[in-house]
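Good morning. Please look at the structure first.

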Amino acid sequence: MVDVSNAIDKPESAEADSAEKVFADFPKAVLVLEEDGTIAYLNAKAASVYGKTKEQLLGKKPWERWPEEAGEASNESADRKKLTEVQEHLAAIVESSEDAIVSKDLNGIIRSWNRGAERIFGYTAEEIVGRSIATLAPPEVANDIPRILAQIARGERVEHYQTKRRTKDGRILTVSLTVSPVRDASGRIIGASKVARDITLREQQEAALRETNAALLRSNSDLQQFAYSASHDLKEPLRMVAAYVEMLKRKFGGALGPSGDEYIRYTVEGTSRMEQLLADLVAYTHASTLGEEPKEDIDAQKILKAALGNIEAAIQESGALITHTELPRVRMHEFQLQQVFQNLIANSIRYRSSETPRIHVAAERRGKEWLFSVQDNGIGIDRQYKEQIFGIFKRLHSAAEYPGTGMGLAICERLIQRAGGTIWVESELGRGSTFFFTVPIREG
Ligand code: ADP
């Protein structure tokens, strides 16, 4: 078991590095003295407090250097008490570490072994101190050890090196190692200290996550494939129904009586609605399976203009007043952004209140993304439906009240997600709605 007081008694021993491990970056000066008062260890902060290098101070007695600071004999014993407290604290920190903290000499012989090492590898300090570190290496990574030792001998540090180690009971662990050279007072490398973290569980979890992700991607693409073929295959018989109903109407229109004509009208309406639903379903699956990432930025202002052009009839007919702030260039496919603008603005017009529709499109930079908003003074949305409306075929109204398929926002959500952003709404019934979406800003 590591006793840090050892490290303090014998500064040249590898254990001294334990103190360095714990106190190297400690924001207060830490000075560890030997029984005779010489400095056994000091951290970087202590050296800077005294305005000297570590080498200038190690092995020296503080009061020989600064007689004016030398205390009375009684102070000395108080200091010694403090020192013991620091030592105990230090030992407790090393002992309670979750990680294995191990020191070895340049031949790879283990010199110290904390409780973390005991817990991870199964050996007690009594069993393993004095044996070679190679005891822990399974054959397939046996070359690790001489390589790491050679690196240490050259004064280099090994950081977060991922490798395999074998426990006492033969289990193979994945560990992340950080190994640093340990020097004696004269700066000569005399060994290494090693912190080993057991990352077996983390690695297993990551592998499971990768597996789940791959399965999810597969099932997602299967589903899209299914929706795509289904809608294509459904189109054909639908077209047939529409064509024959049309013929019925032409040939027997009037002969079937008023009810017959009405039924035919319903059938025609039904088929055209079905056609619209299928077209939207195809658009949705397309939105989900965009192939290539966009390579360059596009001008959102130009895209907004194009979107407005596509719904000009609705704008004219409703007398909608549309304003916008200056819009940025963003990394998206043109048709993605155009479709989003078009769907949101068409909705703002369709779900208008009795007032003239006023629609404002804005964009502002928010950290590493652009935040776009489309605000209207329409009928608003009950808070409880804020999320539902983005679902496929989700509508809050009948087709008789407001035409639509319930796919517009689902398509917007997919398009925005594909661009790496998010979309949401803030609204209150009767008070208009603001749809927000973000687009990440790509570096370079
Ligand atoms: P659709 O408009 O075809 O029904 P959407 O997915 O575009 O499908 O919208 C889903 C529902 O969200 C709509 O039925 C409507 O109730 C509500 N909605 C969308 N945009 C607005 C808006 N600007 N103002 C009020 N309600 C809206």
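Which pocket is the space taken by the ligand? That space is the largest pocket. On a 1 Å grid over the protein atoms alone, a pocket is an open set of points with protein on both sides within 12 Å along at least five of seven lines, while a cavity is a set where a 1.4 Å probe fits but cannot get out. A molecule sits in either if more than half of its atoms lie within 2 Å of its grid points.

This is a predicted model, where local features need pLDDT of at least 70, side-chain atom pairs count only at pLDDT 80 or more, and totals for chains, interfaces and linings use all residues. Residues are numbered from 1 along each chain as its sequence is written, and side-chain values use heavy atoms, with hydrogens and water left out.

Around the ligand there are 21 residues, and among those that come nearest are Asn-347 and Arg-395; near means a heavy atom within 4 Å. Helix H14 (334-350) is one of the elements that supply at least two residues of this shell, and H14 gives the most, with 3 residues. Helices are DSSP runs of H or I, at least four residues, numbered from the N terminus.

Now the polar contacts, here pairs of N or O atoms within 3.5 Å. A polar side-chain atom of Tyr-351 is 2.7 Å from a ligand oxygen atom. Asp-376 places a polar side-chain atom 2.9 Å from a ligand nitrogen atom. For Leu-396, a polar backbone atom lies 3.4 Å from an oxygen atom of the ligand.

Conventions:
A polar contact is a pair of N or O atoms within 3.5 Å; within protein, one must be able to donate a hydrogen and the other to accept it, and residues adjacent in sequence count only if both atoms are side-chain atoms. On a 1 Å grid over the protein atoms alone, a cavity is a set of points where a 1.4 Å probe fits but cannot get out, and a pocket is an open set with protein on both sides within 12 Å along at least five of seven lines; lining residues have an atom within 4 Å of a point.
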